Amino acid sequence: MSTPRTYQTEAIIIKKTKLGEADRILTLYTPHLGKIQAVAKGVRRPKSKMAGHLELLTHSLVSLAHGRNLDTITGSQTINSFLPLKSDLKSGACALYATELVNHFAADSIKNSPLFHLLLNTLHRLCQAADGEVALRYFELHLLDHVGYRPQLHRCVSCSQPLKPAVNSFCSSSGGILCAGCSRGRYPTYPLSIAAQEVLRLLQDNDYDAASRLDIGPALAGELEQAMRQYIRYFSEREIKSARWLDALRKQTEQATLRQR
Amino acid sequence: MNKGQVPATGAINTLIQELNKLPGIGPKSAQRIAYYLLRAHEEQARLLAEAILSLKDKTRLCSVCFNVTETDPCAICSNGQRDHSRVCIVEQPQDILALEHTGTYRGLYHVLHGAISPTEGVGAEDIRGKELLERLRDSPVEEVIMATNPNFEGEQTAMYLSRLISPMGIQVTRLARGLPFGTELEYADDVTLTRAIEGRQQF
């Protein structure tokens, strides 16, 4: 039996690149087919019927036709356009960061529905959250979980002894937190305060409802962000480009508030 | 080169390879153009070659608006008839052509040469935003019109720049986003429709 020529899938548009005169290659993240790439013809023309349904960070129902090389998108209908992400700089940047991570960590055409739902839920959360930090940290930890890099946060990764409530080292190459004795000579390590370790454990062990009740001060939020970024950087083996943009935006906001004073 | 194809040699091969690098021209089109030029009058080939050379020689970017021009400042920036209190921000020089074609806008322009695209590694420092802020400082400009593309990158760029420009006391406006002329409502997406409803106007 031959496979049908066309198929339909839910998808989140996580990346787009220009192709030729008016086409684009889109990277779609789908619940059942994983990460796929497809050609969207004519979407850069103003009269394209599909363009708005295939913009970045849109959750759509997409129809595709099997192609020789890449599949071609034949139709698209928006499920959720995540308008707040497109009308706000900060939450848009956070959402872009999340999709970039999915693009880096997801393998082509490997089904990973939990990851799809994590991304989808994260986009919803970023639409509502005043400050996306907790939602992003929660996303990062659970993304690592779903792609097989879950960090060990409860016991020392090396000697398996329960961790003492003290500043311990977060070590990406070991895959979690190391106790003071085991961290010597390991690289790269990042010192984690007691509070930071507790927050990471709470985010990893609980669902988002519990996590969202966390109230994290700016200093702790900064520490967590840097720790997670350095951990992720090790496994992604490349720079997460949109992280630079998040930093630039934050710097600009800080400067603006300083000027107002 | 595809298998089974006999590679052409010498000058014609060089030309085919060079043409093949152009956008939208594949190996077959490149061959067709190269063999056409081989058979064409020498005059025609010479004109084409000269046009390409003078393109690189004569054109440069306007030091005020960064549009491509042969004179500096460009014809639009140096035109006293135009409205110097308005500046329209576009992503690329071709956008100016489209806007000028309408004949309805009489102000000045500023070309960013790109849009902020964090995942592509294009940040705020890679577009001509700093030059725009320099230009607006102590200038008679009263209104800045954001005409970046109505897609994710264009919107982010417009929001970012407006955050920097508004504190200077300059009015920042955005081109209306709504339904394109000649299309059908049925196929419009949520974002476009939402903005079309928000931006509706009295008859």
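This is a predicted model: local features need pLDDT of at least 70, side-chain atom pairs count only at pLDDT 80 or more; totals for chains, interfaces and linings use all residues.
Author: Two residues are in contact if their C-beta atoms, placed from the backbone, lie within 7 Å.

Reader: Which residues of α3(A) meet which residues of α4(A)?

Author: On the α3(A) side they are A:Pro114, A:Leu115, A:Leu118, A:Thr122, A:Arg125 and A:Leu126. Their partners in α4(A) are A:Ala135, A:Phe139, A:His142, A:Leu143, A:His146 and A:Val147. Sorted by class, this contact has eight nonpolar, three polar and one charged residues.

Reader: At what angle do α3(A) and α4(A) pack, and how far apart are their axes?

Author: Helix α3 (residues 113-128) and helix α4 (residues 133-147) of chain A pack at about 175°, and their axes are 10 Å apart. Angles over 145 degrees count as roughly antiparallel, so α3(A) is roughly antiparallel to α4(A).

Reader: Which strands does α3(A) lie across?

Author: Helix α3(A) lies across β1, β2 (23-30) and β4 of chain A, and runs at about 105° to β2(A).

Reader: In what order do the strands of the chain A barrel close?

Author: To read a barrel, follow the strands from neighbour to neighbour. In chain A five strands close in the order β1-β2-β3-β5-β4, with mixed pairing. Neighbouring strands of this sheet are turned by 50° against each other on average, ignoring direction.

Reader: How many bridges join β1(A) to β4(A), and do the strands run parallel or antiparallel?

Author: Strand β1 (residues 6-19) and strand β4 (residues 59-65) of chain A run antiparallel and are joined by seven bridges. To find the place in the model, look for A:Gln8, which stands opposite A:Ser63 in β4(A).

Reader: Now chain B. In which sense do β3(B) and β4(B) pair?

Author: Strand β3 (residues 83-90) of chain B pairs with β4(B) in the parallel sense, over five bridges. B:Cys88 stands opposite B:Tyr109 in β4(B). With helix α4 (residues 93-102) of chain B, the two strands make a right-handed β-α-β unit.

Reader: How many residues of β4(B) are buried?

Author: Four of the five residues in strand β4 (residues 107-111) of chain B are buried, which leaves the strand mostly covered.

Reader: How is the size of an interface given?

Author: Often as the accessible area lost when the parts come together. Residues can also be listed: here the contact takes 23 residues from chain B and 26 residues from chain A. On the chain B side, α6 (152-165) and α7 (190-198) each supply at least two residues. The largest share of that side, six residues, comes from α6(B). By class, the chain B side divides into nine nonpolar, 10 polar and four charged residues.

How values were computed: Residues are numbered from 1 along each chain as its sequence is written. Chains are lettered from A and ligands numbered from 1 in the order in which they are written. A residue is buried if 20 or more other C-beta atoms lie within 10 Å of its own, exposed if 12 or fewer, and partly exposed in between; C-beta atoms are placed from the backbone. Two strands pair if DSSP finds at least two bridges between them. A crossover is right-handed if, with the strands pointing away from the viewer, the path from the first strand over the helix to the second runs clockwise. Ala, Val, Leu, Ile, Met, Phe, Trp, Tyr, Cys and Pro count as nonpolar, Asp, Glu, Lys and Arg as charged, and the others, Gly among them, as polar. Axes are lines fitted to C-alpha atoms, for helices over the stretch in contact, and angles run from 0 to 180 degrees between N-to-C directions. Angles under 35 degrees count as roughly parallel, over 145 as roughly antiparallel, 65 to 115 as roughly perpendicular and the rest as oblique.
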